[in-house]
Amino acid sequence: MSNATRPIKLACRNVWKVYGRRPAYYFDSRGYIIDPDALAERLRAEAHLPAVVDASFEVAAGEIFVIMGLSGSGKSTLVRCLSRLVEPSAGEILLDGRDLLKATGKELIELRRHAMGMVFQNFGLLPHLSVLDNVALPLKIQGRPLKEREVHAREMIALVGLEGREASFPHQLSGGQQQRVGIARSLAVGPELWFLDEPFSALDPLIRRQMQDEFLRLQRMLKKTIIFITHDMAEAFRLADRLAIMRAGKIVQIGRPADIVLNPADDYVAQFTEDMPLLRVIKAGDLAAAANGATMPDQSVAAGTSLEELIPRLASGVSAFTVPGDGTSPPALLSASSVLAVLERELARRTRP
Ligand SMILES: Nc1ncnc2c1ncn2[C@@H]1O[C@H](COP(=O)(O)OP(=O)(O)OP(=O)(O)O)[C@@H](O)[C@H]1O
Ligand SMILES: [Mg+2]
């Protein structure tokens with residue numbers, strides 16, 4: 001389904017987080033229009049640290065929105081602003097159209113207990129509690145009865161594939177298993193919004209890939225609205241419906257993976273993404289164009305097919321494919337020449353000195 005047809009779950013408008021002695025001073029600008037770059041520069045010159053600079057984006061219900069950037073670029077600060085674990089210095093955060101920055105302390109606690117789930121890089125499990133008790137903890141905090149907590153926690157443990165390990169303690173589990181417990185715990189409250197801050201970065205590459213598959217499997221079932229942070233490019237491109245790239249506090253580009261590799265906003269993004277294999281990132285649906293009444297070809301290909309999978313089919317001399325619609329969009333036309341143009345571009349990239 002395209003974004004245009006899905007309601008906006010979370011909107012972030014011109015959000016800033018500035019560390020320093022008196023950040024509020026800089027935002028007392030009634031009636032003035034802020035020039036973000038000039039203000040960020042001035043803040044730095046005046047011993048303040050603009051950790052998040054004028055961030056604006058919208059996340060549709062059911063979308064996986066990935067925030068990517070180098071260490072220190074402001075990813076964690078931004079995601080913490082979204083749940084108000086960190087208080088933004090300026091801007092607006094709208095959850096289902098309601099201004100989160102105006103929520104009272106009590107309302108926030110309720111939201112965090114019921115509407116938001118969080119997974120952290122270092123798992124954050126309680127070492128003296130069993131797997132079952134760790135997962136049931138948020139339900140205990142919600143004040144749910146013991147029996148119900150246990151039944152529900154067991155369901156979540158099964159969901160992440162840890163059935164049979166309920167009585168184990170965190171130190172008896174591998175890193176990947178511990179992170180599954182973290183995931184089960186964050187899902188126990190049935191959050192609408194799911195924040196994951198580098199959840200897999202402590203895991204070795206093989207386990208990490210398994211956890212990404214697991215995560216995508218869960219998301220196909222649960223259809224949460226997700227903000228996922230990573231500094232791993234391959235992970236970002238694998239998981240994202242759309243992604244935002246941050247640099248020194250600022251979002252420098254937002255787009256679908258294919259938009260980002262095909263039309264990088266600047267040299268920084270281009271360099272950042274130059275090792276991403278175009279043929280794997282770009283899908284048939286990304287290149288397909290409106291049919292405009294043309295006769296649809298007999299050969300068809302699903303929108304999610306990567307060009308890498310598609311290229312062998314071009315060998316038979318097919319000149320175009322039909323990309324079937326998804327219920328909200330009509331079928332579209334994919335020409336072999338547009339696929340070959342990307343192939344040519346990839347070859348040029350690889351042979352560049
Ligand atoms: N409480 C704080 N006080 C002062 N500066 C802070 C504070 N928290 C974060 N910062 C600074 O804000 C900037 C952004 O930090 P942040 O943790 O958001 O980066 P990140 O992109 O999540 O990095 P990483 O990939 O290493 O987790 C950094 O320069 C950091 O030093
Ligand atoms: Mg971080």
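**Labels and their cut-offs**

Guide: By class, the shell around ligand 1 holds 3 nonpolar, 8 polar and 1 charged residues. Nonpolar means Ala, Val, Leu, Ile, Met, Phe, Trp, Tyr, Cys and Pro; charged means Asp, Glu, Lys and Arg; the others, Gly among them, are polar. This is a predicted model, where local features need pLDDT of at least 70 and side-chain atom pairs count only at pLDDT 80 or more, while totals for chains, interfaces and linings use all residues. Residues are numbered from 1 along each chain as its sequence is written, and chains are lettered from A and ligands numbered from 1 in the order in which they are written.

Visitor: Which residues surround ligand 1?

Guide: Tyr19, Leu49, Ala51, Gly69, Ser71, Gly72, Ser73, Gly74, Lys75, Ser76, Thr77 and His231. The test is distance: a residue is near a molecule or strand if its C-beta atom, placed from the backbone, lies within 6 Å of it.

Visitor: Which element supplies the largest share of that shell?

Guide: Helix α2, with 3 residues. Both β2 and α2 (75-82) supply at least two residues each. Helices (H or I, at least four residues) and strands (E, at least two) are DSSP runs, numbered from the N terminus.

Visitor: Why is alanine 47 called exposed?

Guide: Count its neighbours. Alanine 47 has 8 C-beta neighbours inside 10 Å.

Visitor: What makes asparagine 14 partly exposed?

Guide: Asparagine 14 has 14 other C-beta atoms within 10 Å, so it falls in the partly exposed class. It lies in strand β1 (residues 8-19). Its phi is positive, about 50 degrees, although asparagine 14 is not a glycine.

Visitor: How many C-beta atoms lie within 10 Å of alanine 11?

Guide: 17 others, so alanine 11 is partly exposed. Alanine 11 is also in strand β1.

Visitor: Which residues does alanine 11 contact, leaving aside its neighbours within four places in sequence?

Guide: Glu58 and Leu94. Contact means that the two C-beta atoms, placed from the backbone, lie within 7 Å. Alanine 11 and leucine 94 are 83 residues apart in sequence, yet 5.0 Å apart in space, C-alpha to C-alpha.

Visitor: How do you know that β1 and β4 pair?

Guide: Count the bridges. 5 bridges join β1 to strand β4 (residues 90-95), and the two run antiparallel. Two strands pair if DSSP finds at least two bridges between them, so β1 and β4 pass. Within β4, glutamate 92 stands opposite arginine 13.

Visitor: How many bridges join β4 to β5?

Guide: 2, with β5 (residues 98-99) running antiparallel to β4. Leucine 95 has arginine 98 as its bridge partner in β5. The two strands form a hairpin with 2 residues between them; in the turn, aspartate 96 has a positive phi of about 50 degrees.

Visitor: What makes β11 and β12 edge strands?

Guide: Take the open sheet of 3 strands, ordered β11-β13-β12 with antiparallel pairing. β11 (289-290) and β12 (320-323) each pair on one side only. 4 bridges join β12 to β13 (residues 332-335). Valine 323 stands opposite alanine 332 in β13.

Visitor: Which domains divide the chain?

Guide: Domain 1 (3-115 + 191-276) and domain 2 (280-351). The bounds come from an automatic or database domain assignment. Their C-alpha centres lie 31 Å apart. 7 residues of domain 1 are in contact with 6 of domain 2. On the domain 1 side, helix α9 (residues 257-262) gives the largest share, 3 residues.

Methods:
Buried ≥ 20, exposed ≤ 12 C-beta atoms within 10 Å, placed from the backbone.
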